[in-house]
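This briefing is meant for a reader who is meeting the structure for the first time.

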Amino acid sequence: MYDASRQYRCTIIRGKSQQEMDDLLPAYAQIIDEICPCPVSDFEQLFDNAFRRFLPGGSTKKTLDNHRTEISGKLFGMYYLADDGMVYSSDRTKKFLADSDTPAFFKDICYKMQFPNGTQKIQTVQERIDAEICIRPNAFLLKVLTYAKNAGLTLTKKEIGYYVLNSLDVLQGKADPLEVIDAITYDRKHGIERIIRTPGKASSYNYQHINEQINLLELANLVITDNGVVSLNPRESDAIAVFADDYNKKPAFDVYSYDLSTVELRKKFYLDWDFYFSQISDKSSEFETSIGALGITTEPESGEGVGGGDKTEIGDEGELYVYEYERKRVAAFNFRLVGKVIHLGKTRGLGYDIQSVVAKPGDDAEFVKYIEVKSTKRITVPDISDSSWIDTLNITRNEWVAAQQHKDFYSIFRVYFVRDSIIMYVITDLAKKYKDGIIQAVPTAYRVDFGNNAVDEVITD
């Protein structure tokens, strides 16, 4: 029988803030893809040297180790060490680079998260084994939240911490989600408030691991938190159902099948875990984040479709949005010029997606302008007021050549589909900004790293 008072602190790798994780994910992905595969003996130096440019405030060894090993490695599973001594970019990293779908990236992490796992020291792993921990925590939690929603209940972060994520019975796989709901309902009815307490520790310590897990679920666009209340995102019902349906399945990676008695056996355990966790799940195709799931319902006048349940590729979504924006902007200046706004995204080799016109007062009003669209989906709004903020994206050789050729008449529209909003950062004349040292361009494809001083215009929906 479920006993909520049996408590157990089951920690996860600490991440950064939601904003920082949204901001840094593209950087991790680009760097890892750029340097891998490489010998394990070279990986640390190659990663650190490349990542320093994203830490303008300074980079201590501890900070770099945290980004390389703890966050991009253990928490995000973006690379793995193979038994041939080489470090490889993970399937999860490659998928993110292909689709720029940040919530889908975090959905996959949340889906594969389990206790026990191979992200922590062997003493902690053994402690979890001795405690008989065996759970898919996010699947169980989303099932609890589903039952709560059906019963007309809203759960607080503190309740989720105490009754679910810090509950020994839940973590051992011995509780049923309905029992959790019943316990919460009973305690509320009788005015009983359950709070996680650890002698000598502050509240921040007691709920740190709870906050970390809920942060990941929010970055996955599966839950929404508001003033301490956690609710399901109704626009992600299909993905939530994938999780909830698996709430009573044992973790896919069987830690209990490993003998951890020797150094060599422990090494094999960690190698196997790293490889397992770095691979995308077999449910990843069901984790795509539609624009509608982010709460964006903009419908272009052309009727081509950007919002709702649209399943168009992210590049197409961004291109259509910028195309519609340019049509409206040009029409407002001179309606007869609207026909000169042309969507060319499907035409390969041009180096730009949209051909438009300047459409501003002056002799060059009808001059052609060229727009390359780079889109991404994320939860948080990038903070351009932060002088240390930086983003990174790939452009092709053709796009780089077009930027050099068309100079001030060539722009990148960086489109951010974020929760309930669309924001565009416009970067004009890459050639000059590169020459002036305002942006960095690394010829891999061409990876462009830019900060707030490179952005010429901010457009919000």
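In this predicted model, W273 and Y276 are both buried, and the two residues lie in helix α13, 3 residues apart, which is about one turn of the helix. Helix α13 comes back in several of the points below, which are grouped by topic.

**Aromatic rings**

- A pair of aromatic rings is described by the distance of the centres and the angle of the planes.
- Counted with a limit of 6.5 Å between ring centres, the model holds 32 aromatic pairs.
- One of these pairs is formed by F253 and F269, whose ring centres lie 6.1 Å apart with the planes at 55°, and the pair is therefore tilted.
- Elsewhere, ring pairs join Y28, F43, F47, F51, F54, F76, Y79, F96, F105 and F106 into a cluster.

**Charges over rings**

- The charged end of R9 is placed over the ring of Y205, at 3.7 Å from the centre of that ring.
- The charged end of R92 sits over the ring of F277, and here the distance to the ring centre is 4.9 Å.

**Cavities**

- Rolling a probe the size of a water molecule over the atoms shows where empty space is left.
- How many cavities of 30 Å³ or more are there? The count comes to 4, and the largest cavity has a volume of about 80 Å³.
- The largest cavity is lined by I12, I13, K74, L75, I109, M113, N117, T119, W273 and F277, and the elements that give two or more residues to this lining are α3 (61-75) and α13.
- By class, the lining of the largest cavity divides into 7 nonpolar residues, 2 polar residues and 1 charged residue.

**The second largest pocket**

- The second largest pocket has a volume of about 490 Å³.
- This second largest pocket is lined by 18 residues, of which T69, K74, Y79, L81 and D274 are the closest to its centre.
- Two or more lining residues come from each of the elements α2 (40-51), α3, β2 (79-81) and α13.
- The lining of the second largest pocket consists of 8 nonpolar, 5 polar and 5 charged residues.

- D169 is located in helix α9 (residues 168-171), where it counts as buried at 4% relative accessibility, and its side chain reaches the backbone nitrogen of D3 at 2.6 Å.
- Y80 has its place in strand β2 and counts as buried at 15% relative accessibility; its C-alpha atom is separated by 7.8 Å from that of L271, although Y80 and L271 are 191 residues apart along the chain.
- Y370, in strand β9 (residues 368-377), also counts as buried, at 15% relative accessibility, and the C-alpha atoms of Y370 and D408, which are 38 residues apart along the chain, are separated by 9.4 Å.
- I423 is found in strand β12 (residues 421-428) and, with 6% relative accessibility, counts as buried, while I423 and F413 are 10 residues apart in sequence and 9.7 Å apart in space, taken from C-alpha to C-alpha.

Technical notes. Residues are numbered from 1 along each chain as its sequence is written. This is a predicted model: local features need pLDDT of at least 70, side-chain atom pairs count only at pLDDT 80 or more; totals for chains, interfaces and linings use all residues. Side-chain values use heavy atoms; hydrogens and water are left out. Rings of Phe, Tyr and Trp (its six-membered ring) pair if their centres lie within 6.5 Å; planes under 30 degrees apart count as stacked, over 60 as edge-to-face and the rest as tilted. Helices (H or I, at least four residues) and strands (E, at least two) are DSSP runs, numbered from the N terminus. Buried means under 20% relative accessible area, exposed over 50%, partly exposed in between (1.4 Å probe, protein chains only). A charge sits over a ring if NZ of Lys or CZ of Arg is within 6 Å of the ring centre and within 35 degrees of the ring normal. On a 1 Å grid over the protein atoms alone, a cavity is a set of points where a 1.4 Å probe fits but cannot get out, and a pocket is an open set with protein on both sides within 12 Å along at least five of seven lines; lining residues have an atom within 4 Å of a point. Grid points are joined across faces, edges and corners, and a volume is the space filled by probe spheres set on the points. Ala, Val, Leu, Ile, Met, Phe, Trp, Tyr, Cys and Pro count as nonpolar, Asp, Glu, Lys and Arg as charged, and the others, Gly among them, as polar. A polar contact is a pair of N or O atoms within 3.5 Å; within protein, one must be able to donate a hydrogen and the other to accept it, and residues adjacent in sequence count only if both atoms are side-chain atoms.
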